[in-house]
Amino acid sequence: MKRPVTSGAETTNPAAPSAPSVPSASTDSAADPALAPAAAPVTGLDGIPRQRPLAVERVHAAVASAGSAPAAAESALATTGSARPLHARLHRVRPWRLFPTPTGTPFTFGYAVVLAVTSLIAEYADPDLVDRVLQASSTDVAHLAQSPVRVLVASALWIAGGLTSAYVIAFLLVLTALERRIGGWRTAGVFLLGHGLATLATEIPVGLSVLAGHLPESSLHRYDYGISFGVATSVGALAGLLRPWLRWTALAVFGWMVLGDLIAFTDPMTNWGHTMALAIGVATWPLLRRVTSRTTTGTRETPRTARACP
């Protein structure tokens, strides 16, 4: 006797004993995904297994990502090799750091303000008053014999030639760069060291020549003031802290200017003073290099500290 078929689904004989119920796979998989059996592959009419749509999408995504990985790596290398160094170089270029600022280089900035004020006084004040003030500030032999400290400080408050002198630009650029490397107090010490030693080195021979009768007594009261000796010493000192090509370029340019003035022989005592001041600055190289190396070592971060910083 044939079994009845209802809607294409197989049914059991009502007379047959009922089989024990087996929990469905869907119920078990919903209850515990780890215990769910692997789903059977979907087969077509020809019996060949088909890929599930989700698996196909994953395969295509993996193939696409594998194909685009070399292009992404090349793009990253190109960006790292060109854009980042260029950005770093442009970030390091700061033209405003060439000139003094109140917070970055307080000594050079304050000194520049004082020199600007005294230059305006020399330009617009009464000529007789300016002449008396300059004469009192002159580091000639007579004043050095009476009050050397006062006249050495007073003579450094004036610019020979005013604000149009070439030493004004040299003062701003050189002392700013020097102070950013060694600090304000050391920069002031280098400047005053060259200013004082070069002044004494040029005035003491004048006094000896007057005593020996080789120069007239009026040479004891000559005008001698300005910042040129201090600037020349600062140029020599800064050159020792620069890279070799920049160091020798700066020394060659400034040395050529000094030698040109010396050859012209317009003011031999002052020109020899510039040469000696430059040599004094060069003589400070060992000391300043030790100072900068000690400062750099003391502030350098270790790798552990650098990683810990945010």
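# Aromatic pairs and a helix contact

Me: Is Phe-107 buried, partly exposed or exposed?
Reply: In this predicted model, Phe-107 has a relative accessibility of 24%. Buried would need a value under 20%, and exposed one over 50%. The value for Phe-107 lies between these cut-offs, so Phe-107 counts as partly exposed.

Me: How many aromatic pairs are there, and what kind is the pair of Phe-107 and Tyr-111?
Reply: The count of aromatic pairs comes to six. In the pair of Phe-107 and Tyr-111, the ring centres lie 5.7 Å apart and the planes meet at 50 degrees. Stacked needs under 30 degrees and edge-to-face over 60, so this pair is tilted.

Me: Which residues form one aromatic cluster with Phe-107 and Tyr-111?
Reply: Phe-107 and Tyr-111 are in one aromatic cluster.

Me: What kind of pair do the rings of Trp-248 and Trp-285 make?
Reply: The ring centres of Trp-248 and Trp-285 are 6.2 Å apart. Their planes stand at 65 degrees, so the pair is edge-to-face.

Me: Which helices hold Trp-248 and Trp-285, and how many residues apart are they?
Reply: Trp-248 is in helix H10 (residues 244-264) and Trp-285 in helix H12 (residues 285-299). The pair links distant parts of the chain, at a separation of 37 residues.

Me: Which residue lies over the face of Trp-285?
Reply: Trp-285 has a relative accessible area of 12% and is therefore buried. At 5.7 Å from its ring centre, over the face of the ring, lies Arg-247.

Me: How far apart are the axes of helices H9 and H11?
Reply: Helix H9 (residues 228-239) and helix H11 (residues 268-283) pack at an angle of about 35 degrees. H9 passes H11 in a right-handed crossing. The distance between their axes is 6 Å.

Me: How many charged residues are in the contact of H9 with H11?
Reply: Residues of H9 in this contact include Phe-229, Ala-232 and Gly-236, and those of H11 include Gly-273, His-274 and Ala-277. By class, eight residues of the contact are nonpolar and seven polar. The number of charged residues is none.

Me: What percentage of the protein chain is buried?
Reply: The protein chain has 13 helices and four strands. Of its 310 residues, the buried ones make up 31%.

Key. Residues numbered from 1 in each chain as written. Predicted model: local features only at pLDDT ≥ 70, side-chain atom pairs only at ≥ 80, totals over all residues. Heavy atoms only, no water. Axes fitted to C-alpha atoms, helices over the stretch in contact; angles between N-to-C directions. Helix = DSSP H or I, 4+ residues; strand = E, 2+ residues; numbered from the N terminus. Left-handed = near helix turned anticlockwise from the far one by under 90°. Contact = heavy atoms within 4.5 Å. Nonpolar A, V, L, I, M, F, W, Y, C, P; charged D, E, K, R; others polar. Phe/Tyr/Trp six-rings, centres within 6.5 Å; stacked < 30°, edge-to-face > 60°. Buried < 20%, exposed > 50% of the residue type's maximum accessible area, 1.4 Å probe, protein only. Lys NZ or Arg CZ within 6 Å of the ring centre and 35° of its normal.
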